[in-house]
Amino acid sequence: MRVRQLPPPGGFAPLNWARDRFDALLNWLPSQGELPIYQERVPQRAGDYRETITALAGRPDAVVRRHESGGMVISVSVPVQRYRQVVGALMLSHGSGEVERAMRAIRIDILQVFGVALAVTILLSVYLAATIARPLKRLAAAAERVRAGSGRHTAIPDFAGRRDEIGDLGRDLRAMTEALWQRMDAIERFAADVSHEIKNPLTSLRSAVETVARVEDPSQQKKLITIILDDVARLDRLISDISDASRLDAELSRDPPSNVDLRDVLRALVDIYVSTSDVNIVLELEPGTDLTVCAFEDRLGQVFRNIITNAESFSPAHGRIVISARRAVRRDGDVINVTVDDEGPGIPEVNLESIFQRFYTDRPTTGPDGKAVRLGTNSGLGLSISRQIVEAAGGELWAENLWDEDSRITGARFQTRFPAV
């Protein structure tokens with residue numbers, strides 16, 4: 001005889017409770033609450049069952065009911081006929097043990113599929129949160145700290161090792177932040193250079209004003225007044241060039257570039273200079289060649305005006321300035337080269353790059369005609385602005401010297417190169 005100890009009445013059995021909850025969950029998939037309750041009346045009559053009434057009317061019927069103790073009862077009723085006349089009905093009822101076992105197995109399979117899908121969803125959520133959401137939050141937080149001006153110690157997270165869009169976004173944000181700091185440094189240097197350049201004429205102007213009040217000699221007063229007028233003109237020129245340089249970035253970023261025919265731009269400039277300059281200006285253009293570039297038309301005119309004016313100031317009287325434009329074929333796309341050659345003293349090799357710095361000036365004290373050159377007639381911003389405009393159009397601007405067979409400098413050459421349209 002085998003004896004098994006039963007739990008006390010009303011006691012809590014964790015295993016039984018878990019099994020009951022599991023069975024309740026299985027019965028909930030799908031729920032059986034909408035099934036009618038199976039009842040047996042004493043004595044039983046045909047009218048107590050819907051399927052029997054239907055069978056007596058000559059049609060077979062079946063009904064599924066829910067037993068009060070659990071489970072289902074399946075009833076099937078068919079008519080009994082004699083020569084197509086219904087003489088009775090036969091009703092069979094059977095428990096749903098086998099059906100419920102099959103349904104239980106199906107429900108367990110459904111729960112297993114649901115559990116696997118839930119686990120995969122959770123794992124994917126954790127993976128996506130670790131690989132996408134968290135890196136994006138780190139990038140957003142770093143961008144917010146940069147926007148709030150937390151200082152340069154704020155570092156953008158480095159995702160250079162990633163080969164996906166998050167890595168590209170991280171690299172672009174780092175590059176953008178670095179460009180922002182470089183722009184701020186450039187603004188700071190520009191402000192310092194502006195302050196320095198304006199102080200020079202102001203100092204000279206103040207000295208001349210203080211001196212002119214104490215000088216009684218009319219000739220000396222005339223010289224001091226001339227100095228004062230020159231300093232005022234220099235200040236006016238500096239302020240105009242500084243204003244143009246400070247607006248340049250905003251204008252280039254705001255106005256979209258358009259297709260510009262360099263042939264028309266150069267011809268218009270040469271026509272202006274030919275009528276006003278003592279220098280012989282020659283324009284050489286390849287006939288029939290397309291010289292269209294994508295740039296800013298007004299600013300392109302400013303670029304070549306600066307270069308031609310610079311060449312004109314260094315050229316001797318009745319010297320020759322040659323402007324040429326040609327289209328060249330390259331593997332990475334056609335380019336258009338524009339050169340401006342003069343017959344001036346050239347540029348010291350060590351200053352070929354320095355001349356494009358802001359406020360840089362290096363001019364001789366005497367001009368090509370041997371006369372003294374007034375100092376301060378150039379702000380030193382023209383070539384810097386020209387390079388900035390050319391680079392904004394995707395081009396290049398540089399300077400070099402022209403040499404003869406005896407390795408002597410015969411002039412300077414400024415070259416610009418633009419991608420052809």
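Modeller: Let me start with a definition: two strands count as paired if DSSP finds at least two bridges between them. Please keep in mind that this is a predicted model.

Biologist: What holds paired strands together in general?

Modeller: Strands of a sheet pair through backbone hydrogen bonds, and they can do so either parallel or antiparallel.

Biologist: And which strands make up the sheet with β9 and β10 in it, and in what order?

Modeller: It is an open sheet of five strands, ordered β5-β7-β8-β10-β9, and its pairing is mixed. At the edges stand β5 (280-285) and β9 (396-403), each with a single partner strand, so one side of each has no neighbour in the sheet. From one strand to the next, the twist averages 20°.

Biologist: Which helices lie on that sheet?

Modeller: Helix α6, residues 262-276, lies across β5, β7, β8 and β10, and it runs at about 165° to β5. Helix α8, residues 382-392, also packs on the sheet, where it touches β9 and β10, and its direction makes about 125° with that of β9.

Biologist: Staying with α8, how do its axis and that of α5 cross?

Modeller: The axes of α5 (residues 218-254) and α8 come within 11 Å and cross at roughly 10°. Angles under 35 degrees count as roughly parallel, so α5 is roughly parallel to α8.

Biologist: Which residues meet there?

Modeller: On the α5 side they include Asp-241, Ala-245 and Leu-248, and on the α8 side they include Ile-385 and Gln-388. The residues of this contact divide into six nonpolar, one polar and three charged.

Biologist: Switching topic, what is the order of the three-strand sheet?

Modeller: That open sheet has the order β1-β2-β3 with antiparallel pairing, and its edge strands, β1 (61-66) and β3 (85-95), each pair on one side only. Six bridges join β1 to β2, residues 72-82, and Ala-62 stands opposite Val-76 in β2.

Biologist: Last one: where does Arg-162 lie, and what does it touch?

Modeller: Arg-162 lies in the loop between α3 and α4, and its side chain makes a polar contact of 2.5 Å with the side chain of Asp-164. Leaving aside residues up to four places away in sequence, Arg-162 touches Thr-131, Pro-135, Gly-167 and Arg-171.

Key. Residues are numbered from 1 along each chain as its sequence is written. This is a predicted model: local features need pLDDT of at least 70, side-chain atom pairs count only at pLDDT 80 or more; totals for chains, interfaces and linings use all residues. Side-chain values use heavy atoms; hydrogens and water are left out. Helices (H or I, at least four residues) and strands (E, at least two) are DSSP runs, numbered from the N terminus. Axes are lines fitted to C-alpha atoms, for helices over the stretch in contact, and angles run from 0 to 180 degrees between N-to-C directions. Contact means heavy atoms within 4.5 Å. A polar contact is a pair of N or O atoms within 3.5 Å; within protein, one must be able to donate a hydrogen and the other to accept it, and residues adjacent in sequence count only if both atoms are side-chain atoms. Angles under 35 degrees count as roughly parallel, over 145 as roughly antiparallel, 65 to 115 as roughly perpendicular and the rest as oblique. Ala, Val, Leu, Ile, Met, Phe, Trp, Tyr, Cys and Pro count as nonpolar, Asp, Glu, Lys and Arg as charged, and the others, Gly among them, as polar.
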